[in-house]
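Look at the aromatic rings and at one helix.

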Amino acid sequence: MKFIEAEIFTMSVNNKQTPNQVKDFYPSRGGKTAQLIQRQDPVLYAATASNSPIDYKLVKQYEQQGFLVLDDVFTEKEVCCFQQELDSMRHDDRRKASEQTITEPGSGDIRSIFNVHQNSAMFKKLASDVRLAGLAQYLLGDEVYIHQSRVNYKPEFRGKGFYWHSDFETWHVEDGMPRMRALSMSITLTENYQHNGPLMMIPDSHKDYAVCEGDAPAEHYKSSLKKQEYGIPSDSSLQQMVEKGERIVTATGKPGSVIIFDCNVMHGSNSNITPYPRSNIFFVYNAVSNRVAEPFSTNPPRPEYICTRKHIQAIAPQTVQFILD
Ligand code: 6CS
Ligand code: FE
């Protein structure tokens, strides 16, 4: 009996499989060596030309390079509504004091406000807008829910950047997202110029998974949301990805554009030292079939305002109107 027990125990440790833990297809950190391994999931799930809500050529471009910029998704009037909400949130003392609001290291300026799909009626509505949630459902081939939402203000003069990373590596290791069946939609609320810290993407990088070294400390999010130091790729992995993608692309667009990017595309952004804020709202759509399990690390799960876990609810995409007060 002893032998059999030992065997079962050994097998489960090697396959990182325990009764309540799903298989770890993308191990990272925890003593691992930095390297690129092949993605084991499709980018598009059952998305066919016949039921595409956008030009199918754009869908194929998204599949191929891992991101897509759609211009003029929202009207100027709608963008004005979003900017009004953005400003009122920014000046709300109660919000500023909340743990869901992250400030810039040093200046104290607001860097991000998380969980806006729950704590803003307007952005809750926006998250279910068919132009976003409907497209996410189509690309992911499943019902979707919001895994995470945030406004990144990237304020003028002192907005700090975000070092290169794959969102999926963090969402897998620290939140327990099993597979690559999620995507982000970033709605530009101010002009995203070449010079004010736009999102930078490495094309095709979503096809490889950059295993990271190091071990995130407990409550890593308390520092990583200000400045991420764990769950970032090695220089060599980055070098290989840029060589493979042959370039770095900046996602620019006027307010009301939508930048869609696969959960695993390598991206980052520089600081903003210009007088022009680069404020975007991000909704992360995860397939309901890919709901988070236990984290693939020894740390406890991150709080609900960073990773939806207790209140997973499929979105019913709807046609919504935004009107100025
Ligand atoms: O830890 C996270 O979930 C966040 N970190 C970054 C740098 N991007 C994704 C997400 O907002
Ligand atoms: Fe990110």
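Phe74, Phe82, Phe123 and Phe322 form one aromatic cluster. Rings of Phe, Tyr and Trp (its six-membered ring) pair if their centres lie within 6.5 Å; planes under 30 degrees apart count as stacked, over 60 as edge-to-face and the rest as tilted. This is a predicted model, where local features need pLDDT of at least 70, side-chain atom pairs count only at pLDDT 80 or more, and totals for chains, interfaces and linings use all residues. Residues are numbered from 1 along each chain as written, chains are lettered from A and ligands numbered from 1 in the order written, and side-chain values use heavy atoms, without hydrogens and water.

**Confidence**
- The chain averages a pLDDT (the predictor's confidence in each residue, from 0 to 100) of 92.
- At least 70 is the score of 94% of the residues.

**Aromatic rings**
- The whole structure holds nine aromatic pairs.
- One of them joins Phe82 and Phe322 edge-to-face, 5.0 Å centre to centre, with 80° between the planes.
- Phe82 sits in helix H3 (residues 76-90) and Phe322 in the segment after strand E13 (280-287), 240 residues apart.
- Helices (H or I, at least four residues) and strands (E, at least two) are DSSP runs, numbered from the N terminus.
- Both Phe82 and Phe322 are buried, meaning under 20% relative accessible area; exposed is over 50%, partly exposed in between (1.4 Å probe, protein chains only).

**Helix H3**
- Its buried residues are Glu78, Val79, Cys81, Phe82, Glu85, Leu86 and Met89.
- They line one face of H3, because they fall within an arc of 155° seen down the axis, taken from the directions from the helix axis to the C-beta atoms.
- Exposed Glu76 and Lys77 lie on the face turned away from the buried side of H3.
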